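Please open the model in your viewer and keep the selection panel at hand. The stops below say what to select next and what is there.

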2 protein chains.
Amino acid sequence: MNELIEYIKDDISVTDAIQEKINRISIKKEIQKGDIILSESSLKKQHIFVLNGCLRSFYRMDNGKEVTIQFAIKNWWIGDYITLYTANKSTLSIESLTNSEILFIAKAEMEQLYLDHPEFATFQRKNFEKHIATLQKRILSLLTLTAAEKYNQFITEYSDFVQKIPNYQIASYLGITAESLSRIRKNNKK
Amino acid sequence: MNELIEYIKDDISVTDAIQEKINRISIKKEIQKGDIILSESSLKKQHIFVLNGCLRSFYRMDNGKEVTIQFAIKNWWIGDYITLYTANKSTLSIESLTNSEILFIAKAEMEQLYLDHPEFATFQRKNFEKHIATLQKRILSLLTLTAAEKYNQFITEYSDFVQKIPNYQIASYLGITAESLSRIRKNNKK
């Protein structure tokens, strides 16, 4: 069974019709560690669902510094939502941090799926609501927490896969320097 | 006509049924400058639609410092999305920066409206998608821009209502100090 169907079947009743449609529109791909799935300046409008492995979306600044916007593991969606939901070119890149398996679903196919299956649209709307809450929480953390508080919150929330992520990428997600992160880790060990 | 119906009618066909329902579930309220619409620790799950005026949501830190999460004017939604979409108590407060008029819609009523009127659910899903793109963009700005770049981006994007907002609140939205903001404004005038 398609793993996306496996994932939604706890929340909505998966009919043969919806199962057939999801199978038809989702394209499974095996990718290697280091592969770039989406490059900056792309106009590709795709939803990406992670079957296994770990991916991240990031922004490359003019000075070459990278800023990490999102990490994603099994059963998470990842995307450049600025490209996906507005008319703009992608500003982000998405890379695979491990060997991974993902599903691509083109935006237009997903739109049709929503229209044909309102129960799936409702399921996704609730995901969007949770995503909005998560992003608001992240903004709150960026504006209020100290570097150490941000790091400790991160390793608690992402305990499942913090091991898979190089420290400089965690630092670039938290908006702190790699040196600051290494100091915090040293203090934590004391 | 209810101003929310006015706002949606360009995108979806407003039948008598949906119009009657929106009128029934939305509660109009006039509020004064300084009024608090939502307090921290509340469990009230409400969507707030601004008819006119200007509101902001903010977080009060233990040291009394305030951090602004969102501003909203005419035809914008505002809310504590952490309370609205998760089981948690509100961490934010929402206050009115001017005399304003707003509509409240209880979360449960909105859910029913989505189920009864899939075209309205689609309209709102697209709003959520745009909201996700906006929040991702804000995180990108917080992580990559200098204080001056953040301020200049803000006054361009919010040119409609930047006059209504005290400088210390703009600073608290951008994550910069009031002193830094005042230096940037002085430099801009040169």
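The tour goes from a sheet to a core, then to single residues and charged pairs.

This is a predicted model, in which local features need pLDDT of at least 70 and side-chain atom pairs count only at pLDDT 80 or more, while totals for chains, interfaces and linings use all residues. Residues are numbered from 1 along each chain as its sequence is written, chains are lettered from A and ligands numbered from 1 in the order in which they are written, and side-chain values use heavy atoms, with hydrogens and water left out.

**The sheet in chain B**

Select the four strands of the open sheet in chain B, whose order is S1-S8-S3-S6 with antiparallel pairing; strands are DSSP runs of E of at least two residues, helices are runs of H or I of at least four, both numbered from the N terminus, and two strands pair if DSSP finds at least two bridges between them. Strands S1 (27-31) and S6 (77-78) of chain B stand at the edges with a single partner strand each, so one side of each has no neighbour in the sheet. Zoom in on S3 (residues 46-52) and S6 of chain B, which pair over two bridges in the antiparallel sense; B:Ile48 has B:Ile78 in S6(B) as its bridge partner.

**The core**

Next, select A:Leu4, A:Phe120, B:Leu4 and B:Phe120, which touch the most other members of the largest nonpolar core, a set of 68 residues. Such a core consists of buried Ala, Val, Leu, Ile, Met, Phe, Trp, Tyr and Cys residues joined through side-chain atoms within 4.5 Å, where buried means under 20% relative accessible area, exposed over 50%, and partly exposed in between (1.4 Å probe, protein chains only).

**A tyrosine in S4**

Move to B:Tyr59 in strand S4 (residues 54-60) of chain B, which is partly exposed at 23% relative accessibility. Beyond its neighbours within four places in sequence, B:Tyr59 has contacts (heavy atoms within 4.5 Å) that include A:Leu140, A:Thr144 and B:Lys65.

**Charged pairs**

In one of them B:Arg60 meets B:Glu40, with the closest N and O atoms 2.9 Å apart. B:Arg60 lies in S4 and B:Glu40 in the loop between S2 (36-38) and S3 of chain B, so this pair ties together parts that are 20 residues apart in sequence.

Conventions. A salt bridge is a side-chain nitrogen of Lys or Arg within 4 Å of a carboxyl oxygen of Asp or Glu.
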